[in-house]
Amino acid sequence: MGKGMLSICGEKQQVFLLFLIEIILIVLMGTLMTYGPEANATLLKKHSEDHGNEQDKKPRSDPLRIYPNVHVMIWIGFGFLMTFLKRYGQSAIGLTFLIGAVLVQVALICDGVLHFKKDNKAYLSLGSLLSADIAVAAPLISMGALLGKTTYMQLLFMGIIELIVYTVNKYVGEHHLMAVDAGDSMYVHAFGAYFGLAVSFVFGMKEKPKEHSLEGPSYQSDIFAMIGTVFLWLFWPSFNSAALEGDDQQRAIINTLLSISGSCVIAFATSALVSKDNKFNMVHVQNSTLAGGVAIGTAAGMMCQPIGALVVGSLAGSLSVLGYKYLTPVIQKRLRIHDTCGVHNLHGMPGVLAGIFGALMAGLATEISYDYSLYEIFPARAPNSEAKLGEMRDDYGISPGRNRTALEQAGYQLLALTVTLVMAIVSGLITGLIMRMSICGSVMEEQKFDDVVHWELEEEDLHEIPSKIKERSNRVNDQLPMDIKNMDASNSCSF
């Protein structure tokens, strides 16, 4: 009785916290944010008058072309990909919906804090919405490592803290280290994966992960999860090219398509090779086929050539399948890290591979192969002396850089990857400890991987004791018309 009342109080507390979080976001949004020149009628007019150019009424690139694709990836792709559990489909879709809706607001505010304007407001535009969508991918990746084992409030607290650290890490990587990561494979995928694994490690410290009867797929749930896979596969080129323009964007789309195609084919082949009777494994097909999209992300806009994109994608597909087959059980047994969706194999290892491949391509980049676009892709490599910069600035709009060599840029790429991994793991461990506080609630062992924790289910009778099922059946029979009852009786007699 007391335990039940405590549970009800805890659930009500989470509901009130959800209301409170949205109220705080409304206040912060009203205080800190406003429309940018592209979306504000008054500012747009002033913006065009200041520049005296009709073309300045529109931004150089049109985020509207890419933004819907990324939006679909985050909510449909990630949501459906996590529906593979037999009794957690509503939570996979519903919590992705809820968590994403809250965190996209948090991401906008976090990014806005770094970009205050003269009027002490941060500007909102389609570009900032696109950046927020990409940022939300990091906590949704982390959510995959914890799927079925947490309350929605635990996930919200995790996401809010993670986005704050993510914003700081990406700012350090882009503005201080000046590392290039076009598809955010380091800043989003590797960060999100190892953050989530660190949180899962903290959960495993308290209680060793156990086998659970509901931790597995059904025939129907696997099909639903494939919807997420196909959406992610189709739109991944948009994700990797979203922040780029011109020829860089075209290269990113081409490289990503080739890489993710290579990972798809090799993932199928490797899956059949390591599986019983040389048959395909649906877990590998749902996840490892996408690994090439992650692995090419850092170098997506670079001149890695079609063969380079195919090779790194194929390597990622094979590495991901082998991770699911051999590495995941070892990590769970030895480190007590339970990774529900296998984010280490889809996002973690391919994200690290992307960082290493990006560093390799940065070390090989020369002005001969890139011309002046070398300094657009790697701004830190641009000259910092006026004598060398004059022509490039006048003809190509290139700003002063740090005069880095190719090897120096490669070193900074690896440094950015290292900093990302350290920040993800350390902040994930701290966040895991915070999530275990009573205010966030918790899920008991027998309730894990079950929608009944968060949802009113129509088929509750599946879990009811037989007497209750019989009682409900009798109530239904009592409500049947007399002629139908007689018909059933006559039919039973005929047998």
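Colleague: Hi! What separates D248 and R251 in helix α9 (residues 246-274)?

Modeller: About one helical turn, because D248 and R251 are three residues apart in helix α9. Helices here are DSSP runs of H or I with at least four residues, and strands are E runs of at least two, all numbered from the N terminus. Before we go on: this is a predicted model, where local features need pLDDT of at least 70 and side-chain atom pairs count only at pLDDT 80 or more, while totals for chains, interfaces and linings use all residues. Residues are numbered from 1 along each chain as its sequence is written, and side-chain values use heavy atoms, leaving out hydrogens and water.

Colleague: Why is the contact between D248 and R251 called a salt bridge?

Modeller: The rule asks for a side-chain nitrogen of Lys or Arg within 4 Å of a carboxyl oxygen of Asp or Glu. The side chains of D248 and R251 meet at 2.5 Å, N to O, so the pair qualifies under that limit.

Colleague: And what makes D248 and R251 buried?

Modeller: Buried means under 20% relative accessible area, exposed means over 50%, and partly exposed lies in between (1.4 Å probe, protein chains only). D248 has 11% and R251 has 13%, so both count as buried. Elsewhere, salt bridges with shared partners join K170, E174 and D184 into one network.

Colleague: How do you know that K170 and D184 form a salt bridge?

Modeller: Their side chains meet at 3.1 Å, N to O. K170 lies in helix α6 (residues 152-176) and D184 in the loop between α6 and α7 (185-206), so the pair ties together parts that are 14 residues apart in sequence. K170 counts as buried at 17% relative accessibility, and D184 does too at 4%.

Colleague: How many salt bridges does a search of the whole structure find?

Modeller: Six. One of them joins the side chains of R87 and D450 at 3.5 Å, N to O. R87 sits in the loop between α3 (67-81) and α4 (89-113), and D450 in the loop between α17 (406-435) and α18 (466-478), so this bridge ties together parts that are 363 residues apart in sequence.

Colleague: On to the rings. How many aromatic pairs are there?

Modeller: Seven. One of them, W236 with F239, is 6.4 Å centre to centre with 55 degrees between the planes.

Colleague: Why is the pair of W236 and F239 called tilted?

Modeller: Rings of Phe, Tyr and Trp (its six-membered ring) pair if their centres lie within 6.5 Å; planes under 30 degrees apart are stacked, over 60 edge-to-face, and the rest tilted. At 55 degrees, W236 and F239 are therefore tilted. W236 counts as buried at 1% relative accessibility, and F239 is buried at 2%.

Colleague: What makes Y370 and F378 edge-to-face?

Modeller: The angle between their planes is 75 degrees, with 6.3 Å centre to centre. Both Y370 and F378 are buried.

Colleague: Last one: which residues have the most contacts inside the largest nonpolar core?

Modeller: V70, I74, I134, L147, Y166 and W236, in a core of 86 residues. Helix α5 (residues 126-146) gives the largest share of this core, twelve residues. A nonpolar core is a set of buried Ala, Val, Leu, Ile, Met, Phe, Trp, Tyr and Cys residues joined through side-chain atoms within 4.5 Å.
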